[in-house]
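Here is a briefing on one protein structure. It covers ring pairs, strands, cores and a few single residues.

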Amino acid sequence: MVSTPLQDALRAQAQPMPQTDYRGATTAARFTDPQAEFAAMLHGCGVYDLGFRARLSLTGGDRVRWLNGMVTNNIRDLAVGHGVYAFLLNPQGRILGDMYVFNQGEALIVETDRSQVEKIIATFDHYIIMDDVEVTNISEKQIAIGLTGPRSRAVLNRAGIEVPNLHPLQMITPQCDCDCGCLQCTVICGECEPQESYEIWLAPQDLYKTWQALLAVGATAVGSEALEMQRIVAGIPLYGVDIRERDLPQETEQMRALNFNKGCYVGQEIVERIRSRGNVHRKFTGFLVDGAAAIAAGDKIISGDKEVGEITSVAALRTASGEQTVALGYIRREVEMPGREVTIGTVKATVVELPMESVALGQTEDSLLRGA
């Protein structure tokens, strides 16, 4: 497992942090208390290492036509400076990976987790036959930092990185007047999630000084444990954890990844057949347990006396009224109504809609920071 460049820089500056393997890379598990870091993302601005993300550059005259025939979203009509979320499927419609695709004009940039990148490259290579397409892994040349929270844009502006109002997944190269002194960076606005978010793409040599500049103007350093809390509350499935190769696109509830008007792509026949014949039998959703609960990924969900689903991700949250446990997983559609009580293992839980904004945003900043 490769260590992220930020982890290497922190180690070089004698700032070692507890480490964990996360999404294909070794990165900081936490900087202080994960619950306080999670609170910063809810109420302020959390800044975090995105060294677990990889980027592929697709060039060549056939790049747009070819990738449009490979993934589930519309690349053909993707405007320069914008991105989309998409799945890569096998011919049976099963999910081989997920990614964001950005149109930079002279190239398409595919962003995915490092844990997926080798599989995606191998699949791309398999399908590039006589096409004018070249795939280059630029992950070591371009690194990323993420920011999440309602004060994220203000933090960027205070650091001298002037960011205008952007559409979801719109990217710009800002005119910077920043203390970090970086030569050039690219800022990308996150999707429409419960919290405002941005990514900064920049050269490895500019990473640590940009990180320090953001901390100096009010950002809170966030590790992977708090990122997992935020991901689960937001209801964002993680490939390899919540999305597996056996899953079908519509089961994941990620309709943002699908375009039904773009024409043929690998696995399209199965996706269209599911749409025309009706919904799949199960769906991805959220679950809430009052108190700290001993549940884990893989636990079965029971309704009545029948097994109706399974848990894929779990997080424990501190709230003003005590601890709560939130989870993600799949459940059969006939029993997935929000508010329905189910049993996970031996624990009573409630089915809830995603994202679980009321669970997180209903908490006070003070209670989370105090460790209530």
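Predicted model: local features only at pLDDT ≥ 70, side-chain atom pairs only at ≥ 80, totals over all residues.

Residues are numbered from 1 along each chain as its sequence is written, and side-chain values use heavy atoms, with hydrogens and water left out. Helices (H or I, at least four residues) and strands (E, at least two) are DSSP runs, numbered from the N terminus. Buried means under 20% relative accessible area, exposed over 50%, and partly exposed in between (1.4 Å probe, protein chains only).

**Aromatic rings**

- Rings of Phe, Tyr and Trp (its six-membered ring) pair if their centres lie within 6.5 Å; planes under 30 degrees apart count as stacked, over 60 as edge-to-face and the rest as tilted.
- The whole structure holds eight aromatic pairs.
- Trp-66 and Phe-124 are edge-to-face, because their ring centres are 5.2 Å apart and their planes stand at 85 degrees.
- This pair links distant parts of the chain: Trp-66 is in helix α3 (residues 63-68) and Phe-124 in helix α4 (residues 114-127), 58 residues apart.
- Trp-66 counts as buried at 5% relative accessibility, and Phe-124 counts as buried at 0%.
- Tyr-100 and Phe-102 are stacked, because their centres are 6.5 Å apart and their planes are at 25 degrees.
- Both Tyr-100 and Phe-102 are buried.
- One aromatic cluster takes in Tyr-85, Phe-87, Tyr-100, Phe-102 and Trp-201.

**Charges over rings**

- A charge sits over a ring if NZ of Lys or CZ of Arg is within 6 Å of the ring centre and within 35 degrees of the ring normal.
- Arg-55 places its charged end over the ring of Trp-201, 5.2 Å from the centre.

- Strand β15 (residues 282-290) has eight of its nine residues buried.
- Two strands pair if DSSP finds at least two bridges between them.
- Strand β18 (residues 322-332) runs antiparallel to β15, and nine bridges join them.
- Val-289 has Thr-325 as its bridge partner in β18.
- Strand β20 (residues 347-352) also runs antiparallel to β15, with three bridges.
- Phe-287 stands opposite Val-351 in β20.

**Nonpolar cores**

- A nonpolar core is a set of buried Ala, Val, Leu, Ile, Met, Phe, Trp, Tyr and Cys residues joined through side-chain atoms within 4.5 Å.
- The largest core has 43 residues, and Phe-38, Phe-87, Phe-102, Val-326 and Met-356 have the most contacts inside it.
- Elements that each supply at least two residues of this core include α2 (34-43), β6 (83-89), β7 (95-103) and α7 (224-234).
- Helix α7 gives the most to this core, with five residues.
- A second, separate core of 30 residues includes Val-47, Leu-147, Cys-185 and Leu-207.
- Contact means heavy atoms within 4.5 Å.
- Met-356 touches Ile-232, Val-233, Gly-286, Phe-287, Val-326, Ala-327 and Leu-328, not counting residues up to four places away in sequence.

- Helix α2 is largely enclosed by the rest of the structure, because ten of its ten residues are buried.
- Among the buried residues of α2 are Glu-37, Phe-38 and His-43.
- In helix α6 (residues 207-216), the buried residues include Leu-207, Trp-211 and Leu-214.
- The buried residues of α6 pack against elements including α1 (5-12), β4 (46-49) and α5 (152-158).
- Just after α6, Gly-218 takes a positive phi of about 120 degrees.

**Two single residues**

- Arg-114 lies in helix α4 and is buried, with a relative accessible area of 14%.
- A polar contact is a pair of N or O atoms within 3.5 Å; within protein, one must be able to donate a hydrogen and the other to accept it, and residues adjacent in sequence count only if both atoms are side-chain atoms.
- The side chains of Arg-114 and Glu-140 make a polar contact (3.1 Å).
- Gly-93 is in the loop between β6 and β7 and is buried, with a relative accessible area of 0%.
- Gly-93 and Gly-267 are 174 residues apart in sequence and 4.3 Å apart in space, C-alpha to C-alpha.
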